[in-house]
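Here are my notes on this model, as numbered points. Please read them with the structure open.

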Number of protein chains: 2
Amino acid sequence: MGEPRPERADARRNRLRVLEAADRLFTEHGVKNVSLDAIAAEAGVGKGTVFRRFGDRAGLAVALLDEREQELQAKIITGPPPLGPGAPPLDRVTAFLDAYLELLDRHVELFMDSENASDGARYRIGSYHLWHRHLAHLIEAAHPSLDANYTAHALLAPLAADLHNALRTQGFDLDRMKAGLRTVATALLPA
Amino acid sequence: MGEPRPERADARRNRLRVLEAADRLFTEHGVKNVSLDAIAAEAGVGKGTVFRRFGDRAGLAVALLDEREQELQAKIITGPPPLGPGAPPLDRVTAFLDAYLELLDRHVELFMDSENASDGARYRIGSYHLWHRHLAHLIEAAHPSLDANYTAHALLAPLAADLHNALRTQGFDLDRMKAGLRTVATALLPA
DNA sequence: TTGTGAAACGGACTGCGGTCCGCTACTGTC
DNA sequence: GACAGTAGCGGACCGCAGTCCGTTTCACAA
């Protein structure tokens, strides 16, 4: 593991240009109607640059979501309870699920892109690991006899963007999903 | 809704050829290393034929899984308990989850393809509806105060092919998943 | 400054999924 | 058997994701 070299000036400039262009085009035309060619053009860079920087379409979506997710991560780690430390595990779990559902709902399209990388992108990226570890710790604390690792995955599974989108289409509203998930969490972690 | 005309002879012949060719190539090279061009060629038909018949890649995967899934569907509807009617709801739920996990595990690659149609293919296809209705009925019967509709989705979510594959890669074995899911189901539907 | 090695660039290129539409051949009728 | 109408065929075609590699630009040192 060598030292990570600082980002070169042109690289940084282009990275920001691409993110900005993507944000603009996604907002204007809808995520799935924008090709990476178009983003590269809008950003005034070559296509290769976009791919070298972000790997693939999912990687770009992840980068765009990053800021929003970091906000939630910060609240979880250092914010006030019940999201942050200090509240009982079950409360923290449901606070997290609620917060994530809202984030997801605000950015469904982007999440769908970020999770749709043909080969399990969702479960490889850093933020999923963070959510998973967080839940696993809380589950472990509340109920050590459970398989916390697996249970955390099972609780995160209903937060898949595709499912969320499908339920939305079927007329489920956010509150119903929050209530449903809270019920599941409560059943798993009885007081 | 007009009468469904009987399948024309050439259509049937080609459909079977394509399924056979796909099966052969998938087995030989791995699902994700086979293009639809290749399948068409192997089947001795044009590419257009494959797409008209199956819609897209996911549709072909669904068709290949169909036979296996129908077997499970039959067991659920008319087979002996606990999978079939007659056992208590919780037993039927866990029997179903176990059976589905085994099916999923045997055909992960195909399931991944069938669920990966960029826009929520999984939740549109007939078999998902069937699994969902089945679970929803059982949940409703066991515990009428729950939101059976949502809860059924939440129980199916951990059966997503991508997640299963990711967990497998991380070293989870089938029994651990069965146990974990059974715990979730039991917590939701206490005796 | 100028020189040098390495990082980043960019656009031509490849291969695939999916569409389109003029052509073919099956089926049911006389 | 001949005919007409239609379902089905197939391959050329399109657009996009992702790769490759010769060229440019940067950072740093002398």
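This is a predicted model: local features need pLDDT of at least 70, side-chain atom pairs count only at pLDDT 80 or more; totals for chains, interfaces and linings use all residues.

A crossing is called left-handed if the near helix is turned anticlockwise from the far one by less than a right angle, and right-handed if clockwise.

1. **Helices α6 and α9 of chain A.** By that rule, α6(A) and α9(A) cross in the left-handed sense. Helix α6 covers residues 108–115 of chain A, and helix α9 covers residues 161–169 of chain A. They pack at an angle of about 140°, and their axes are 8 Å apart. From α6(A) come A:Val108, A:Phe111, A:Met112 and A:Glu115. Facing them in α9(A) are A:Ala161, A:Asp162, A:His164 and A:Asn165. The class count for this contact is 4 nonpolar, 2 polar and 2 charged residues.

2. **Helices α1 and α2 of chain B.** Here the crossing of α1(B) and α2(B) is right-handed. The two axes come within 8 Å and cross at roughly 120°. Because of that angle, α1(B) is oblique to α2(B). On the α1(B) side, the contact uses B:Arg17, B:Val18, B:Ala21, B:Ala22, B:Arg24 and B:Leu25. On the α2(B) side, it uses B:Ala38, B:Ile39, B:Glu42 and B:Ala43. By class, there are 7 nonpolar and 3 charged residues, with no polar ones.

3. The record places "domain: HTH tetR-type" at residues 12–72 of chain A. That stretch is 82% helix and 0% strand in the model, with its end C-alpha atoms 25 Å apart. The record also places "DNA-binding region" at residues 35–54 of chain A. This span is 80% helix and 0% strand, and its end C-alpha atoms lie 14 Å apart.

4. **DNA strand C.** How many residues surround DNA strand C? The number is 24, and the closest are A:Val45, A:Gly46, A:Gly48, B:Ala9 and B:Asp56. Chain A supplies two or more residues from each of α1 (9–29) and α3 (47–54). The largest share, 5 residues, comes from α3(A). By class, this surface has 5 nonpolar, 6 polar and 13 charged residues.

5. **DNA strand D.** The elements giving two or more residues are α1, α2 (36–43) and α3 of chain A, plus α1 and α3 of chain B. Which element gives the most to the surface near DNA strand D? It is α3(B), with 4 residues. The classes near DNA strand D are 5 nonpolar, 6 polar and 12 charged.

6. **Contact between the chains.** Chain B gives 29 residues to the contact, and chain A gives 29 residues. On the chain B side, α8 (148–156), α9 (161–169) and α10 (174–188) each give two or more residues. Of these, α10(B) gives the most, with 9 residues. The chain B side holds 17 nonpolar, 8 polar and 4 charged residues.

Terms used
Residues are numbered from 1 along each chain as its sequence is written. Chains are lettered from A and ligands numbered from 1 in the order in which they are written. UniProt positions are given in the numbering used here, feature names are shortened, and annotations may be inferred rather than shown by experiment. A residue is near a molecule or strand if its C-beta atom, placed from the backbone, lies within 6 Å of it. Ala, Val, Leu, Ile, Met, Phe, Trp, Tyr, Cys and Pro count as nonpolar, Asp, Glu, Lys and Arg as charged, and the others, Gly among them, as polar. Axes are lines fitted to C-alpha atoms, for helices over the stretch in contact, and angles run from 0 to 180 degrees between N-to-C directions. Two residues are in contact if their C-beta atoms, placed from the backbone, lie within 7 Å. Angles under 35 degrees count as roughly parallel, over 145 as roughly antiparallel, 65 to 115 as roughly perpendicular and the rest as oblique.
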